[in-house]
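Thanks for asking me to look this over with you. Please open the sequence and the 3D view side by side before reading on.

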Amino acid sequence: MQDVKHEHSAMQRGLCRGLLGAAVLQRGLRFASLLALGAFAVHASAAEFKLATVAPDGTAWMQEMRAGAQLIEQRTDGRVQFKFYPGGVMGNDAQVLRRMRVGQIHGGAFAVSGMLDRYSAISLYGVPLMVRSHEEIDYVRERMDPGLHEGLEDSGFISFGFIEGGFSFMMANEPVRGVEDMRRRKVWIPEGDQASMVALEALGLSPVVLPITDVLTGLQTGLLDIVAAPPTVALVLQWHTRIKYVTDLPVVYSMGIFALDARSFRQLPEGDRQIVREVMTDVVQRLDRQARADNAQAREAMENMGIEFVSVDPDDVSEWRATIAGAMPRLIQRNIIDARFYGQLQGILEEYRRGESAGTAP
């Protein structure tokens with residue numbers, strides 16, 4: 001079956017290249033492409049993985065994945081093959097997971113919010129305002145990623161790693177400097193992101209739940225007033241064309257998860273499984289490392305376009321954090337947050353912050 005191509009791909013690439021520069025655009029599309037992925041099917045002569053992405057064909061993310069697929073096919077003498085379907089034709093995360101349940105497709109790369117029904121602990125890094133800096137998230141991920149990978153496997157997914165999406169920032173047509181600026185405004189949260197739902201409700205707000213594929217339309221029609229996203233995602237998905245202000249506060253850390261259904265993956269011979277693990281883990285690690293620089297350049301591009309980054313009163317932020325912390329027992333009780341992992345995260349953050357205060361943090 002041939003790779004699916006959308007007519008708007010060339011237009012999107014041309015527009016974003018002028019805004020951000022070809023190199024940054026193509027790397028930035030990597031994270032956006034993680035918001036929906038594909039499938040696995042067994043043929044008589046080969047195992048075939050079908051991968052779908054929201055990124056247009058020809059982008060750097062697609063080039064990296066195709067290169068990895070070609071290497072796997074070479075190293076397995078054609079026993080493991082990949083087909084790619086750009087443009088989100090396999091649907092959003094929820095649709096992909098439904099197809100996985102009935103055996104139509106058997107894997108993908110997902111946004112965290114898309115995986116919560118299958119593995120709630122994966123929401124840990126995305127508690128709003130909990131992790132405050134890149135230094136903190138690096139310290140945390142080094143210590144907690146392995147346990148989360150094990151939990152994913154116990155839940156039926158073979159993971160090839162997490163890919164940083166970066167910190168999301170609030171974006172709107174009017175400056176948002178505090179909670180009052182968000183009242184009576186339509187604030188978007190991703191479909192399935194229950195942690196953000198509870199956090200915003202604790203702050204007295206009424207969020208609007210939409211899949212990421214509907215956000216641009218929501219901004220265009222007035223269904224949404226405020227969105228939150230990493231700069232690369234805002235540029236790639238053209239949200240930047242509908243906003244004028246960005247609140248200069250990292251509110252949520254986002255990442256993508258590349259994983260396959262464990263039952264499907266285990267159908268491969270052991271040697272082929274090892275090759276797929278090695279190659280795809282290397283691809284994911286490269287994408288993860290590059291994401292931070294991409295977001296920094298995307299932010300600079302937005303500033304150069306005249307989008308204004310506005311500050312928030314630190315005292316207000318402290319109050320927001322306290323309010324959200326007060327909602328955590330409800331999240332734990334509803335199994336939205338894993339109590340054991342949450343306690344571990346708190347301990348690691350406290351350890352880092354003590355070292356930072358003493359001047360000994362790494």
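Here are my notes, point by point.

1. Let us begin with confidence. This is a predicted model, and the mean pLDDT of the chain is 83, with 86% of the residues reaching 70 or more. One stretch needs care: over residues 1-44 pLDDT stays under 50, although the model has 137 contacts beyond four places in sequence for them. Where pLDDT is low, the predicted coordinates should not be read in detail.

2. Next, the overall make-up. The chain has 12 helices and 11 strands. Of its 362 residues, 54% are buried. The accessible surface comes to about 15,400 Å², and carbon and sulfur atoms account for 47% of that.

3. Now for how the chain meets itself. Counting contacts with a separation of 6 or more, 76% are between residues 24 or more positions apart.

4. Do find Ser254, which sits in strand β10 (residues 252-261). Is Ser254 buried or exposed? Its relative accessibility is 14%, so Ser254 counts as buried, the cut-off being under 20%. The side chain of Ser254 reaches the backbone oxygen of Gly166 at 2.8 Å.

5. Finally, look at Leu268, in the loop between α9 (262-265) and α10 (270-304). Leu268 is buried because its relative accessible area is 6%. Leaving aside neighbours within four places in sequence, Leu268 is in contact with Ala47, Phe49, Val80, Arg273 and Val276. Take the pair Leu268 and Ala47: they are 221 residues apart in sequence, yet their C-alpha atoms are 7.5 Å apart in space.

Notes: Residues numbered from 1 in each chain as written. Predicted model: local features only at pLDDT ≥ 70, side-chain atom pairs only at ≥ 80, totals over all residues. Heavy atoms only, no water. pLDDT = per-residue confidence, 0-100. Contact = heavy atoms within 4.5 Å. Helix = DSSP H or I, 4+ residues; strand = E, 2+ residues; numbered from the N terminus. Buried < 20%, exposed > 50% of the residue type's maximum accessible area, 1.4 Å probe, protein only. Areas by Shrake-Rupley, 256 points an atom, 1.4 Å probe, with all protein chains shown as cover. Polar contact = N/O pair within 3.5 Å; in protein donor to acceptor, adjacent residues only side chain to side chain.
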